[in-house]
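Dear colleague,

Please find the structure below, together with its sequence. My notes on what was found in it follow.

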Amino acid sequence: MAGALKTELGRRYRFAASHRLHSDELSENENWRVYGKCNNPFGHGHNYVVELRVSGDVNPATGMIANLADLDAFVKREVLEPFDHKSLNEEVAAFRRIVPTTENLCMEIYRRLKTFPHAKLESVRIEETGNNSFEYAGERGQG
Amino acid sequence: MVFLTRKIEFSASHLYHNPALSAEENRRIFGKCNNPYGHGHNYTLEVTVAGEPDPVTGMVLDLKELKDILEREVMHRMDHRFLNKEVPELTGKIPTCENIARVIWDLLEPKITQGRLHRVRLYETPDLFADCYRNGTGAFNREG
């Protein structure tokens, strides 16, 4: 039998934003070859779904790992407000330096949310569309 | 190792209230979930069993058997029930998604004898869920 029972809380959030996949380190032709229509200079947008999992002890007084109101407020402040209805390339500082692929977006959102004080962030999974999803669980990739 | 997942849905009502706290604290912590008349959800339960397929049947376990276990242990206990009052396993606990998932884990784990229970995921709404699994086995999609 494996170890102690672990409980995690999962929560999904949504935001809509535009981006353009383009690397200054590549030539115009190479950018087009690598990123295809995502390299369109005017950008394009997605309805992103962000799914978080956090872990911790279930507080016997509340039955909760973390109060949802605290988690929702934290995510709203750290991610939804700065990202929703924004251009990721132009309006999120991290993406001035790196390409806003959903891989990089997972890592940036993980970085912003790992300081949540009431539970341990286990992973960030993002659905860029209903058919593409990406997940980042920190450096070791396991909880 | 193969992971097999079965999904069921049940509907139930609940409320969050801790009698050890004042009325004001209950309202502050639990918000509208503290409404004394209760409220309800359509819960979706995903149960994942891990194991090696039997060389003769090709199955980790017979889905019909898993379906019967879920019917007996979960549906009969919780479907169209008021969780606070009608589910003895939740007596004295706040029926949060975390606690209900834990109770379901404890009910199912000893009943699953072919393969082993790997993960219980309970959705209270499509945007809120709790996972239960044993430490060291990793989450479903990143088996350790």
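**A contact between the chains**

The side chains of A:Glu8 and B:Tyr133 are joined by a polar contact of 2.4 Å. On the chain A side, the residue concerned lies in strand S1, which covers residues 5–19 of chain A. Is A:Glu8 buried or exposed? A:Glu8 has a relative accessible area of 0%, and because buried means under 20% relative accessible area, A:Glu8 counts as buried.

**Confidence**

Please bear in mind that this is a predicted model. Its scores are ipTM 0.87 and pTM 0.91. For chain B the mean pLDDT is 94, with 95% of the residues of that chain reaching 70 or more. Within chain B, confidence is highest in helix H4 (residues 97–108), at 98, and lowest in helix H3 (residues 83–86), at a mean of 96.

**Helix packing in chain A**

Helix H2 (residues 68–83) of chain A packs against helix H5 (residues 102–113) of chain A at an angle of about 145°. The axes of H2(A) and H5(A) are 9 Å apart, and the crossing of H2(A) and H5(A) is right-handed.

Which residues form this contact between H2(A) and H5(A)? From H2(A) come A:Phe74, A:Val75, A:Glu78, A:Val79, A:Pro82 and A:Phe83. In H5(A) they meet A:Leu105, A:Glu108, A:Ile109, A:Arg112 and A:Leu113. By class, the residues in the contact of H2(A) with H5(A) comprise eight nonpolar and three charged, with no polar ones.

Most residues other than glycine have a negative phi.

In chain A, the phi of A:His85 is positive, near 55°, in a residue other than glycine. A:His85 is found in the loop between H2 and strand S3 (86–87) of chain A. With a relative accessible area of 64%, A:His85 is exposed.

In chain B, B:His80 has a positive phi of about 55°, although B:His80 is not a glycine. Where is B:His80 placed? B:His80 is in the loop between helix H2 (63–78) and strand S3 (81–82) of chain B. Its relative accessibility is 64%, so B:His80 counts as exposed, the cut-off being over 50%.

With kind regards

Terms used:
Residues are numbered from 1 along each chain as its sequence is written. Chains are lettered from A and ligands numbered from 1 in the order in which they are written. This is a predicted model: local features need pLDDT of at least 70, side-chain atom pairs count only at pLDDT 80 or more; totals for chains, interfaces and linings use all residues. Side-chain values use heavy atoms; hydrogens and water are left out. Helices (H or I, at least four residues) and strands (E, at least two) are DSSP runs, numbered from the N terminus. Buried means under 20% relative accessible area, exposed over 50%, partly exposed in between (1.4 Å probe, protein chains only). A polar contact is a pair of N or O atoms within 3.5 Å; within protein, one must be able to donate a hydrogen and the other to accept it, and residues adjacent in sequence count only if both atoms are side-chain atoms. Axes are lines fitted to C-alpha atoms, for helices over the stretch in contact, and angles run from 0 to 180 degrees between N-to-C directions. A crossing is left-handed if the near helix is turned anticlockwise from the far one by less than a right angle, and right-handed if clockwise. Contact means heavy atoms within 4.5 Å. Ala, Val, Leu, Ile, Met, Phe, Trp, Tyr, Cys and Pro count as nonpolar, Asp, Glu, Lys and Arg as charged, and the others, Gly among them, as polar. pLDDT is the predictor's confidence in each residue, from 0 to 100.
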